Amino acid sequence: MNLFYPVNRQSKACWVFDALLNGWPNSKKIDNYQWDGSTSTFWGLVGDSFNLIKRHQAQTVPFLFTDMPYWHRFMPNTPRKSCYWRAVPNALHCNYIQNVESDRFKKLNVVVKDWSTRGNHILVCPSSFNMERFYDQIGWTERTVETLKRHTDRPIRVRQKPRNFVTSGPAAAQIPLEKDLENAHAIVSLVSIAAVDAVTLGIPSFASIHSPAAPVSELDLSLIETPSYIDRTKWLNTLAYYQYTEQELASGQAYEFLKEKF
């Protein structure tokens, strides 16, 4: 397993890759993004990851994608040992349901709220430009808002991915996602993890087929006035099996579950 380390040695990717060096058999550190044609692990779409993932897909070579998790992500002043990291085989997100146990999700102690059926506005959450480019969806926000306006008169709010000069995501947000979701009728996203947060909070979701929330979302924006309220149990259990702590990565626990995909 090639581990494509980023140039920035302060990157959180190094924590994940250092753990995988111990917990994934036959793994090796790669510093220059020189691919030998074998299975690889990537962190986000940094460096040359974008192009190399596309090459893996084109040649049907398995790969492992790591990045921020669905729950319990690293935040300033959060102990590393309590944080999880996404680990998904052959895709950027887990967008399917498996028959797995509930043990990992229960361990997370995530509060799941009942579905909300009385919201007002629609919250549109674009992904990063690189994510739009990866899925050939550049211009997604403008097209999505135009489509929504053809099917609803509800207020539409666009929440760009929070970003500052240091980081992106919740740690960079001036307004918490939960605040923008208050009294929301639905969330609309491409592949944003914001949809996972929203569905957990009981807000109906409209998303793309590539989204981690796809199994519990409507995919057709023309149905924006009649969202689905799908049972979330198996979906929650599944996502919990695609995120691991550093200790679980280093111990081989992640490998034991994920190895069948390779």
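1. The open sheet of 4 strands. Its strand order is β7-β6-β8-β9, and the pairing is parallel. Two strands count as paired if DSSP finds at least two bridges between them. Helices (H or I, at least four residues) and strands (E, at least two) are DSSP runs, numbered from the N terminus. The edges are β7 (156-158) and β9 (205-206), and each of them pairs on one side only. β8 and β9 run parallel and are joined by 2 bridges. Isoleucine 187 has serine 205 in β9 as its bridge partner.

2. What kind of model this is. The model is predicted: local features need pLDDT of at least 70, side-chain atom pairs count only at pLDDT 80 or more, and totals for chains, interfaces and linings use all residues. Residues are numbered from 1 along each chain as its sequence is written, and side-chain values use heavy atoms, with hydrogens and water left out.

3. The open sheet of 6 strands. Here the order is β2-β1-β3-β4-β5-β10, with mixed pairing. β2 and β10 are the edge strands, each pairing on one side only. Strand β4 (residues 63-67) runs antiparallel to β5, and 4 bridges join them. Leucine 64 stands opposite proline 89 in β5. β5 also pairs with strand β10 (residues 243-244), in the antiparallel sense, over 2 bridges. There, tryptophan 85 stands opposite tyrosine 244 in β10.

4. How covered is β5? Of its 5 residues, 5 are buried. Buried means under 20% relative accessible area, exposed means over 50%, and partly exposed is in between (1.4 Å probe, protein chains only). In a regular strand the side chains alternate between the two faces of the sheet. In β5, Trp85, Ala87 and Pro89 lie on one side, Arg86 and Val88 on the other, and all are buried.

5. In soluble globular proteins, nonpolar side chains tend to be buried together.

6. Tyrosine 70. Which residues does tyrosine 70 contact, leaving aside its neighbours within four places in sequence? They are Arg86, Val88, His93, Cys94, Ile193, Val196, Asp197, Pro212, Leu239, Tyr242 and Gln243. Contact means heavy atoms within 4.5 Å.

7. Helix α8. Why is α8 described as largely enclosed by the rest of the structure? Because 6 of its 8 residues are buried. Those residues are Trp235, Leu236, Asn237, Thr238, Leu239 and Ala240. Their cover includes α3, α7 and β10.

8. Two residues to check for phi. Most residues other than glycine have a negative phi. Asparagine 26 has a positive value, near 60°. Asparagine 26 sits in the loop between α1 and β2 (28-30). Tyrosine 33 also has a positive phi, near 60°. Tyrosine 33 sits in the loop between β2 and β3 (40-43). Are these residues buried or exposed? Asparagine 26 counts as exposed, because its relative accessibility is 72%. Tyrosine 33 counts as buried, because its relative accessibility is 12%.

9. The second largest pocket. Its volume is about 190 Å³. On a 1 Å grid over the protein atoms alone, a pocket is an open set of points where a 1.4 Å probe fits, with protein on both sides within 12 Å along at least five of seven lines; lining residues have an atom within 4 Å of a point. Grid points are joined across faces, edges and corners, and the volume is the space filled by probe spheres set on the points. Of the 14 lining residues, Trp140, Ser189, Leu190, Ala207 and Ser208 are the closest to the centre. α5 (140-151) and β8 (184-189) each give two or more residues to the lining. α5 gives the most, with 3 residues. The lining divides into 8 nonpolar, 5 polar and 1 charged. Here Ala, Val, Leu, Ile, Met, Phe, Trp, Tyr, Cys and Pro count as nonpolar, Asp, Glu, Lys and Arg as charged, and the others, Gly among them, as polar.
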